[in-house]
Amino acid sequence: MLDIKVIRENLDWSKKKLATRGIKPEELDKLVAIDKERREALTKSEQLKQKRNEVSDQIAQAKRNKEDASEAIKAMREVGKEIKDLDKEVEDLTQKQNYILLRLPNFPADSDPIGPDESYNEEVRKWNEPTKFNFEPKPHWEIGTELNILDWDTAAKVSGARFVYYKGAGALLERAVTNFFLDENTKDGYTEVIPPYLVNDASMQGTGQFPKFTEDVYTIVDNDDPDKPRDLTLIPTAEVPLVNYFRGKILDAKQLPINVTAFSPAFRSEAGSAGRDTRGLIRMHEFRKVEMVKVVDEDSSWDELEKLTHNAEHLLQKLGLPYHVVALSTGDASFTSAKTYDLEVWMPAQDKYREISSCSNCTDFQARRSMIRYRDENGKLHLAHTLNGSGLAVGRTVAAILENYQNEDGTVNVPEALQPYMQGMKVITKEPKFGE
């Protein structure tokens, strides 16, 4: 959440910044008008409370002196009613103010490319050249189906579209990728965490998914009253429980930076994505991901973003997968992010790079919503800065391996870094069918 004081004191700057993220100037005018009205009502209430305290002392003194204080008491009853009305007005205006604030995205960094969509993204660097073959490369969904290691048809029967069964070497490959990522992340100084996969509304609001993106998630309902959603949501990313681990806490600056990593499933309704990536592992309703989260002080978050991005790049380099790093435009970055680097891996059959990790600096945006603070050496409290990045999306990594390491005979070579996790398997060959 943005700081209303920053908006109030830098209104033109705020309008200019948020305009690059699609926010109309009149939204901020409305917000500032509500804030002004709220502060005026609050000032009146505080002045009346001070007056009531002073008169209450005078009434008490009059009673001690056996003097008549009935008129003063009657007047204070009226003041009390006025205070109650003002406090209700402040509460209502605060709710109106927060309604707008909770739906405003983070301020973009000055270095972000300015533009409304992904066509304005800028390549920062590239690692290795795209994989070339002397035969026509197949897409990963064909490879997986022909090797009998991925089964979308049965998953569609059991669950619906955009679900998959991993079988045999496919399941082993997914598990190998996961364990490899976790091992490399912990070597890089991240503490492994196994978080809950169901979180409450306060947690979803804390990291910015609620209230703006409620249609993008799966919410648990009460079996006794299906129309009544429970205060529980399946996580869209482990970022939510990892960041919220620190919600409401005051950390010692000496503890920072805190680096945590977690493997978890991720559940997304993919609202509004009809017709996009309907085949394969790129856009699933349920997938697995290894997440990296950093909680840092306000002075080091930009350096930590570079470290986070390099941690994710390291994984792709160890796997020998060509990729490039892209700085997202103001219109393409996530709601919570001030700056995002996307890592896009080369997909030969699609003849293009596809996102496999987003590394973002959320500055104090999530920390203000979640009240994550730290105390410096002088005892002063500051809002922490939070960062997150995929390290990496497991299913998309499997897809990239199948496409980049495919052979003309339909088999797939196992990247050297994964062979110790694959029970020594160096080549994935066709799995025997079962249950058919």
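What follows is a conversation about the terms used for this predicted model.

Colleague: Why is helix 3 called roughly antiparallel to helix 4?

Modeller: Helix 3, residues 25-64, and helix 4, residues 70-101, pack at an angle of about 155°, with their axes 8 Å apart. Angles over 145 degrees count as roughly antiparallel, and therefore helix 3 is described as roughly antiparallel to helix 4. Their crossing is left-handed, and the residues of the contact divide into 17 nonpolar, four polar and 14 charged.

Colleague: What makes helix 7 oblique to helix 10?

Modeller: The axes of helix 7, residues 169-187, and helix 10, residues 301-319, come within 10 Å and cross at roughly 130°. Roughly perpendicular covers 65 to 115 degrees and roughly antiparallel begins over 145, with the rest, beyond the roughly parallel angles under 35, counted as oblique, so helix 7 is oblique to helix 10.

Colleague: Which residues meet where helix 7 and helix 10 are in contact?

Modeller: Phe180, Phe181, Glu184 and Asn185 in helix 7 meet His314, Leu315, Lys318 and Leu319 in helix 10. The residues of this contact divide into four nonpolar, two polar and two charged, and helix 7 passes helix 10 in a right-handed crossing.

Colleague: How do you know whether Glu215 is buried, partly exposed or exposed?

Modeller: Glu215 has a relative accessible area of 45%. Buried means under 20% and exposed means over 50%, with partly exposed in between, so Glu215 is called partly exposed. Glu215 lies in the loop between helix 8, residues 201-206, and strand 6, residues 219-222, and its C-alpha atom is separated by 35 Å from that of Gly168, 47 residues apart along the chain.

Colleague: What share of the protein chain counts as buried?

Modeller: Of the 436 residues of the protein chain, 50% count as buried, a word that stands for under 20% relative accessible area.

How values were computed:
Residues are numbered from 1 along each chain as its sequence is written. This is a predicted model: local features need pLDDT of at least 70, side-chain atom pairs count only at pLDDT 80 or more; totals for chains, interfaces and linings use all residues. Side-chain values use heavy atoms; hydrogens and water are left out. Axes are lines fitted to C-alpha atoms, for helices over the stretch in contact, and angles run from 0 to 180 degrees between N-to-C directions. Helices (H or I, at least four residues) and strands (E, at least two) are DSSP runs, numbered from the N terminus. A crossing is left-handed if the near helix is turned anticlockwise from the far one by less than a right angle, and right-handed if clockwise. Ala, Val, Leu, Ile, Met, Phe, Trp, Tyr, Cys and Pro count as nonpolar, Asp, Glu, Lys and Arg as charged, and the others, Gly among them, as polar. Contact means heavy atoms within 4.5 Å. Buried means under 20% relative accessible area, exposed over 50%, partly exposed in between (1.4 Å probe, protein chains only).
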